[in-house]
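Dear colleague,

Please find the structure handed over below. The findings follow it.

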Amino acid sequence: MSCNLIKQGINARCDTSMGGILEVYLANADEWTYTESENTLDVSPANEGSGYKWYKYGFRKGSSSMSSTLNIDDANGINYVSTELVMTFGRMDTEKRVAISALATSDLKAIVKDANGVYWCLGETEGVTASTGTGSTGQARGDANAYSITLLDNNVTFVKEITKANFDKSVLPNISEV
């Protein structure tokens, strides 16, 4: 049986695009909800007036990334997207170790701001969870002394965008700096 779902093509674009991510915002998965609105997601607290917070994570340019992989198994009828968010934090210390340990055991919602100023939502259908992490002093003087943690999102589609207007309205007033 054939599934005829194609409804449009993709035009070649001439605008510029940059790689990398600038910031990540994380929150407990059960405290926030995503609802679809015109091919983007809207973010809102699970309970109004709850005081739920998003926590901002920053890192050096070129040290962190987000990538999505479409996984298809025709024989089993499986089709899903795995998105890995890799965050690297320079200079190992106790404060970062404690924060990363908390991330390693949490179900999260995530919003990633890429280098083009676009906000992407992870954890739409289930919580984002840690899949791996490292701490390394490096060997040579020029090597990184850093922690790295990878957060994994499995979803039926590629990650969806949140508009800057919704981010400013729903997330920005509820950010707690890390």
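Trp54 has a relative accessible area of 0% and is therefore buried; buried means under 20% relative accessible area, exposed over 50%, and partly exposed in between, with a 1.4 Å probe and protein chains only. Trp32, at 2% relative accessibility, counts as buried too. The model is a predicted one, in which local features need pLDDT of at least 70, side-chain atom pairs count only at pLDDT 80 or more, and totals for chains, interfaces and linings use all residues. Residues are numbered from 1 along each chain as its sequence is written, and side-chain values use heavy atoms, with hydrogens and water left out.

The structure contains five aromatic pairs. Rings of Phe, Tyr and Trp (its six-membered ring) pair if their centres lie within 6.5 Å; planes under 30 degrees apart count as stacked, over 60 as edge-to-face and the rest as tilted. The ring centres of Trp32 and Trp54 are 5.3 Å apart and the planes stand at 45 degrees, so this pair is tilted. Because Trp32 belongs to strand 2 and Trp54 to strand 4 (residues 54–58), the pair ties together parts that are 22 residues apart in sequence. Helices (H or I, at least four residues) and strands (E, at least two) are DSSP runs, numbered from the N terminus. Ring pairs also link Tyr25, Tyr119 and Phe167 into a cluster.

The chain has two helices and twelve strands, and buried residues account for 33% of its 178 residues.

Strand 2 (residues 32–37) and strand 3 (residues 40–45) run antiparallel and are joined by six bridges; two strands pair if DSSP finds at least two bridges between them. Within this pairing, Thr35 is placed opposite Asp42 of strand 3. The hairpin of strand 2 and strand 3 has two residues between the strands, and Glu38 takes a positive phi near 50 degrees there.

An open sheet is formed by four strands in the order 5-6-10-9, with antiparallel pairing. Strand 5 (65–73) and strand 9 (129–136) are at the edges with a single partner strand each, so one side of each has no neighbour in the sheet. Nine bridges pair strand 5 with strand 6 in the antiparallel sense, and Leu70 stands opposite Val81 in strand 6.

Which residues touch the most other members of the largest nonpolar core? Among its 19 residues, they are Val24, Leu26, Leu85, Met87 and Leu151. A nonpolar core is a set of buried Ala, Val, Leu, Ile, Met, Phe, Trp, Tyr and Cys residues joined through side-chain atoms within 4.5 Å. At least two residues of this core come from each of strand 1 (21–28), strand 6 (78–90), helix 1 (94–104), strand 7 (108–114) and strand 10 (146–155). Another core lies apart from it and has 15 residues, including Tyr34, Ile162, Phe167 and Val171.

Beyond its neighbours within four places in sequence, Leu85 is in contact (heavy atoms within 4.5 Å) with residues including Ile21, Val24, Ala110, Thr150 and Leu151. Thr150 lies in strand 10 and, at 7% relative accessibility, counts as buried. With the neighbours within four places again left aside, the contacts of Thr150 include Glu84, Leu85, Val86 and Thr129.
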